[in-house]
Amino acid sequence: MSVCKTQINKIIEMIWYDKTSFDDICALTGLSESETIKPMRANLKQSGFHLWYKYVF
């Protein structure tokens, strides 16, 4: 699935918000958990991605 920059920004905003689950993001965007993680990894600084990943998982 192709994701535009606006969608990536919205996904990143939603995922940083503690109350947004991967299921919520899937319902809104159609992206699976792994499809959500890919743009996060590609668009966040490495340290920010690792901080988020450690917090979520």
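This is a predicted model: local features need pLDDT of at least 70, side-chain atom pairs count only at pLDDT 80 or more; totals for chains, interfaces and linings use all residues.
Tyr-53 counts as partly exposed because its relative accessibility is 36%, where partly exposed is the band between buried (under 20% relative accessible area) and exposed (over 50%), worked out with a 1.4 Å probe on protein chains only. The residue lies in helix H4; helices here are DSSP runs of H or I with at least four residues, strands are E runs of at least two, and both are numbered from the N terminus.

Residues are numbered from 1 along each chain as its sequence is written, and side-chain values use heavy atoms, with hydrogens and water left out.

**The core**

Now for the inside. In soluble globular proteins, nonpolar side chains tend to be buried together. The largest nonpolar core here has 13 residues, and Ile-15, Met-40, Phe-49 and Trp-52 touch the most other members. To qualify, a core must be a set of buried Ala, Val, Leu, Ile, Met, Phe, Trp, Tyr and Cys residues joined through side-chain atoms within 4.5 Å. At least two core residues come from each of helix H1 (5–16), helix H2 (22–29), helix H3 (33–43) and helix H4 (46–56). H1 is the top contributor, giving 5 residues.

Take Phe-49: setting aside neighbours within four places in sequence, it is in contact (heavy atoms within 4.5 Å) with Ile-37, Met-40, Arg-41 and Leu-44.

**Charges**

Side chains of opposite charge can pair when their charged atoms come close. Searching the whole structure turns up 1 salt bridge, meaning a side-chain nitrogen of Lys or Arg within 4 Å of a carboxyl oxygen of Asp or Glu. The partners are Lys-10 and Glu-13, at 3.9 Å from N to O. Both sit in helix H1, 3 residues apart, about one turn of the helix. Another lysine, Lys-38, is found in helix H3, and its C-alpha is 14 Å from that of Lys-10, 28 residues away along the chain.

Here are some accessibility values side by side.

| Residue | Relative accessibility | Class |
|---|---|---|
| Lys-10 | 45% | partly exposed |
| Glu-13 | 52% | exposed |
| Lys-38 | 59% | exposed |
| Ser-34 | 45% | partly exposed |
| Cys-4 | 40% | partly exposed |
| Cys-26 | 34% | partly exposed |

As for Ser-34, its place is in helix H3. Its C-alpha is separated by 9.4 Å from that of Phe-22, 12 residues apart along the chain.

**Cysteines**

A disulfide is a covalent bond between the sulfur atoms of two cysteines. With the cut-off for a sulfur pair set at within 2.5 Å, the count comes to 0 disulfides.
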